[in-house]
Amino acid sequence: MNLATLPEDFPLLGSAAQKIDSESISIEKMGLPPDIFAVGERTFIRFSLAQLSGHQVDQRYWRYFPYAIWLEQERSLSARTDYLSEYFEIHLPRSLKIAKRAMKWAEPLFYVYLYHFKPNDPVFETLAQTAQRFFASSAIKSGSPLKSLTHDLNLLNASEGPYFIAESILKTKRGLMGWINQFDLWPGFASTAFAHAAFIELLKFPKEKRRQEDYIHLVFDWGIDNQNQFRYLQVQALFNDALLLAWKGVKPPDDLKAAMSAKLISVIGDPRAYPERWQGTSSDAVQVLLGWLNTKAS
């Protein structure tokens with residue numbers, strides 16, 4: 001994607017953040033997200049119609065522009081550098097300067113960051129940095145869960161945020177939903193691309209942490225949904241390896257071994273009877289589980 005038309009430092013965004021710092025608003029929590037995919041589709045259609053007719057897009061639709069940046073292939077605005085430049089350099093800075101509008105314009109940044117988490121994408125990085133500046137300003141109430149989330153835990157840092165959030169969820173010892181409630185988020189947070197990335201970071205923790213009961217409970221709580229299925233099917237092999245390889249050459253407590261074996265078999269199946277369901281999992285990890293099962297059988 002050619003972003004040559006976009007300026008490097010976005011000076012108007014910086015001035016907008018400074019303006020917000022001087023305003024007497026203080027947001028404590030986010031509302032519930034809209035159906036961002038439906039809003040994105042409607043917004044894409046509005047911009048497409050404007051392009052066909054040659055008319056300018058009405059100002060009220062620019063607020064929803066982030067929802068339409070990334071849709072399915074060939075139905076997105078991510079390659080429209082003219083629209084991107086107009087949004088980031090004109091409409092967004094102008095609206096963030098007005099206290100009563102600021103949060104309405106910041107919400108799409110927050111939700112699109114979570115749902116369309118795309119590290120290393122230059123447009124996404126611009127969106128993330130813009131969101132960081134706004135949520136670091138005095139527009140967000142100091143000491144609030146939202147401030148802790150976006151400032152202390154660095155949620156809006158695309159490179160470090162997933163790790164810090166995974167670490168925070170583990171440290172709270174409240175499970176995924178307990179942590180979500182603590183930070184005034186919504187249950188659907190677990191379905192976001194950001195949460196998926198944070199879970200992957202959790203699975204990469206050192207072996208010593210992966211042997212702790214709190215860690216094991218969290219991996220099952222977060223990684224397995226209410227239907228006893230993998231929440232993120234793409235990381236099934238990594239999930240199995242993270243739990244089992246931590247115990248290669250190390251004997252777990254009998255009750256922990258029994259609980260882990262029973263849960264894995266209930267979700268995936270016994271590897272002795274259904275080896276095809278364990279494809280992708282490392283052979284060493286499967287051997288750890290087989291060793292537990294064979295010991296139990298004998």
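**Rings that meet, rings under a charge**

Let's start with F239, which counts as buried at 1% relative accessibility. Here, buried means under 20% relative accessible area, with exposed being over 50% and partly exposed in between, using a 1.4 Å probe and protein chains only. Keep in mind that this is a predicted model, where local features need pLDDT of at least 70 and side-chain atom pairs count only at pLDDT 80 or more, while totals for chains, interfaces and linings use all residues. Residues are numbered from 1 along each chain as its sequence is written, and side-chain values use heavy atoms, leaving out hydrogens and water.

Take F47 and W62: their ring centres are 4.9 Å apart and their planes stand at 90 degrees, so the pair is edge-to-face. Because F47 sits in helix α2 (residues 36-53) and W62 in helix α3 (residues 59-62), this pair ties together parts 15 residues apart in sequence. Helices here are DSSP runs of H or I, at least four residues long, numbered from the N terminus. F47 is buried, at 0% relative accessible area, and W62 is buried too, at 1%.

Back to F239, which makes an edge-to-face pair with F220, at 5.8 Å centre to centre and 65 degrees between the planes. F220 belongs to helix α12 (residues 213-223) and F239 to helix α13 (residues 236-244), so parts 19 residues apart in sequence are tied together. F220 is buried, with a relative accessible area of 13%.

Rings can also have a charge over them (NZ of Lys or CZ of Arg within 6 Å of the ring centre and within 35 degrees of the ring normal). R80 lies over the face of Y83, 4.2 Å from the ring centre. Over the ring of Y274 you'll find the charged end of R277, 3.8 Å from its centre.

Terms used
Phe/Tyr/Trp six-rings, centres within 6.5 Å; stacked < 30°, edge-to-face > 60°. Helix = DSSP H or I, 4+ residues; strand = E, 2+ residues; numbered from the N terminus.
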